[in-house]
Amino acid sequence: MALRGSHRLEVIFKRCIASPVLHSHAANRRSSQLAIKEGDPNSNGNSGQYQQNGEQKEKGWRRLVRFFVPFSLGAVVSAAIIQREDLTPTIAASKMTGRRRDFNFIADVVAGCADSVVYIEIKDTRHFDYFSGQPITASNGSGFIIEQNGLILTNAHVVINKPHTMVQVRLSDGRTFPATIEDVDQTSDLATLRIQVNNLSVMRLGKSSTLRSGEWVVALGSPLALSNTVTAGVISSTQRASQELGLRNRDINYLQTDAAITFGNSGGPLVNLDGEAIGVNSMKVTAGISFAIPIDYVKVFLERAAEKRKKGSAYKTGYPVKRYMGITMLTLTPDILFELKSRSQNMPSNLTHGVLVWKVIVGSPAHSGGLQPGDIVTHINKKEIKNSSDVYDALADNSKTLDIVILRGVKQMHVTITPEDP
């Protein structure tokens with residue numbers, strides 16, 4: 001349309017230019033013919049004058065052409081540009097058709113494995129909800145089904161060291177079942193649960209040894225009690241040694257990822273783009289720094305647990321029960337401290353050691369005493385705390401209460417906690 005309009009404009013300009021010139025040439029021709037017929041002696045002179053006037057008018061016509069031609073060409077080019085801009089959104093929209101189907105690879109992964117992820121609730125049997133009469137939720141976590149007959153894998157810290165509690169599992173379809181703890185390995189922080197139901201969707205287990213830094217992964221779980229939650233990121237490191245995290249007695253090279261893992265994601269699967277679990281979400285340091293237990297290590301734990309079940313070994317003969325405080329913690333190594341200080345301005349520059357409180361169980365002694373997620377424990381009963389083992393040693397003492405020095409932001413505070421006996 002714009003091109004057609006510019007063409008019409010050019011025709012009009014030509015007609016306007018041509019009409020006066022044609023009239024002037026016709027008049028000159030008529031006057032010269034009359035002069036010749038009448039035999040006017042000045043006819044030659046007049047014809048020369050007419051010729052000179054024609055040349056001047058021709059020069060004027062050329063000036064008009066020189067002015068209007070660039071103007072017309074500019075109008076044509078502008079119209080072409082406008083027409084192209086009008087067509088651009090239509091072309092882009094046609095090219096974008098089908099992108100949701102072709103490039104939503106994370107949605108494809110979730111669709112294939114989300115049904116095997118479960119929500120785990122730890123119910124406090126001593127406290128009941130006023131309206132429903134049901135035990136209140138003391139803690140929560142995640143897990144995933146690894147056998148059709150109801151075997152579930154999760155973290156050990158999700159289900160143990162909480163006295164007077166029961167474990168309840170909610171499936172992705174909303175059904176809820178009581179669960180029993182079958183196997184626990186506190187060293188690797190792994191545990192298995194069993195629910196009495198069959199024909200369940202099972203999560204396929206991959207190989208963490210083939211992972212490369214930079215691979216896309218998807219974290220599934222129930223952060224902050226929000227079940228069926230999905231986050232995505234990449235593998236930041238495939239060989240993060242437990243010694244770098246301040247975890248003693250653990251010969252594990254953790255997977256580090258920037259996929260968002262928050263409270264309640266513990267025990268959920270870390271999945272590759274083939275829909276296979278390549279890790280178990282374990283802990284978070286700060287935004288962009290989280291860790292998972294490699295699935296190859298998990299397979300060793302499952303093999304040992306299966307052998308114990310064949311020999312008749314029971315879970316109740318297992319781990320030593322400790323005094324209960326109700327926190328999940330992480331040792332602040334020099335590398336982690338450097339990372340935290342570079343990411344946050346609220347970290348004191350003179351901080352050299354401590355334990356980061358990652359999670360506080362609601363209703364626990366730590367919660368009642370005033371500890372909050374993000375606090376850094378530096379001293380307990382006037383003894384320096386350099387790693388999580390020092391906290392366990394303080395719990396093993398016969399002290400009735402624990403006088404804890406913490407850093408909350410840049411402020412130093414004191415809290416007093418009375419741990420529960422097993």
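This note sets out, in numbered points, the main features of a predicted model.

1. The barrel. Six strands close into a barrel, and their order around it is β1-β2-β3-β6-β5-β4. The pairing in this barrel is antiparallel. From one strand to the next, the twist averages 40 degrees.

2. Strands β5 and β6. Within the barrel order, β6 and β5 stand next to one another. Strand β5 covers residues 176-185 and strand β6 covers residues 190-194; the two run antiparallel and are joined by five bridges.

3. The loop between β5 and β6. Asp189 is found in this loop. Its phi is near 60 degrees, a positive value in a residue that is not glycine. Such a value deserves a remark because most residues other than glycine have a negative phi. Asp189 counts as buried because its relative accessibility, 7%, falls under the 20% cut-off.

4. The structure holds eight salt bridges. In one of them, the side chains of Glu182 and Arg194 meet with an N to O distance of 2.8 Å. This pair links distant parts of the chain, with Glu182 in strand β5 and Arg194 in strand β6, 12 residues apart.

5. Arg212 forms a salt bridge with Glu215, and the closest N and O atoms are 3.7 Å apart. Arg212 is exposed, with a relative accessible area of 58%, whereas Glu215 counts as partly exposed at 22%. Another salt bridge joins Arg408 to Asp375, with the closest N and O atoms 2.8 Å apart. Arg408 lies in strand β18 (residues 402-408) and Asp375 in the loop between α8 (365-369) and β16 (376-380), so this pair ties together parts that are 33 residues apart in sequence. Arg408 counts as partly exposed at 24% relative accessibility, while Asp375 is buried, with a relative accessible area of 2%. Elsewhere, salt bridges that share partners join Glu147, Glu182 and Arg194 into one network. In general, side chains of opposite charge can pair when their charged atoms come close.

6. The hairpin of β18 and β19. Strand β18 pairs with strand β19 (residues 411-417) in the antiparallel sense, over seven bridges. The bridge partner of Val405 is His414, in β19. The two strands form a hairpin with two residues between them. In the turn, Gly409 has a positive phi of about 75 degrees.

7. Asn381 lies in the loop between β16 and β17 (383-384). Although this residue is not a glycine, its phi is positive, at about 50 degrees. Asn381 is partly exposed, with a relative accessible area of 27%, whereas Asp189 counts as buried.

8. The surroundings of Val271. This residue has its place in strand β11 (residues 269-271). Val271 counts as buried, its relative accessibility being 0%. With neighbours within four places in sequence left aside, its contacts include Val109, Cys113, Met203, Trp216, Val217, Val218 and Leu220. Glu276, Ala277 and Ile278 are also among the contacts of Val271. Arg204 and Val271 are 67 residues apart in sequence, yet their C-alpha atoms are 9.4 Å apart in space.

9. The surroundings of Gln256. Gln256 lies in strand β10 (residues 253-257). At 11% relative accessibility, this residue counts as buried. Residues up to four places away in sequence are not counted in what follows: Gln256 touches Val234, Ile235, Ser236, Ser237 and Arg240, among others. Ile289, Ser290 and Phe291 also touch Gln256.

Methods. Residues are numbered from 1 along each chain as its sequence is written. This is a predicted model: local features need pLDDT of at least 70, side-chain atom pairs count only at pLDDT 80 or more; totals for chains, interfaces and linings use all residues. Side-chain values use heavy atoms; hydrogens and water are left out. Two strands pair if DSSP finds at least two bridges between them. Helices (H or I, at least four residues) and strands (E, at least two) are DSSP runs, numbered from the N terminus. Axes are lines fitted to C-alpha atoms, for helices over the stretch in contact, and angles run from 0 to 180 degrees between N-to-C directions. Buried means under 20% relative accessible area, exposed over 50%, partly exposed in between (1.4 Å probe, protein chains only). Contact means heavy atoms within 4.5 Å. A salt bridge is a side-chain nitrogen of Lys or Arg within 4 Å of a carboxyl oxygen of Asp or Glu.
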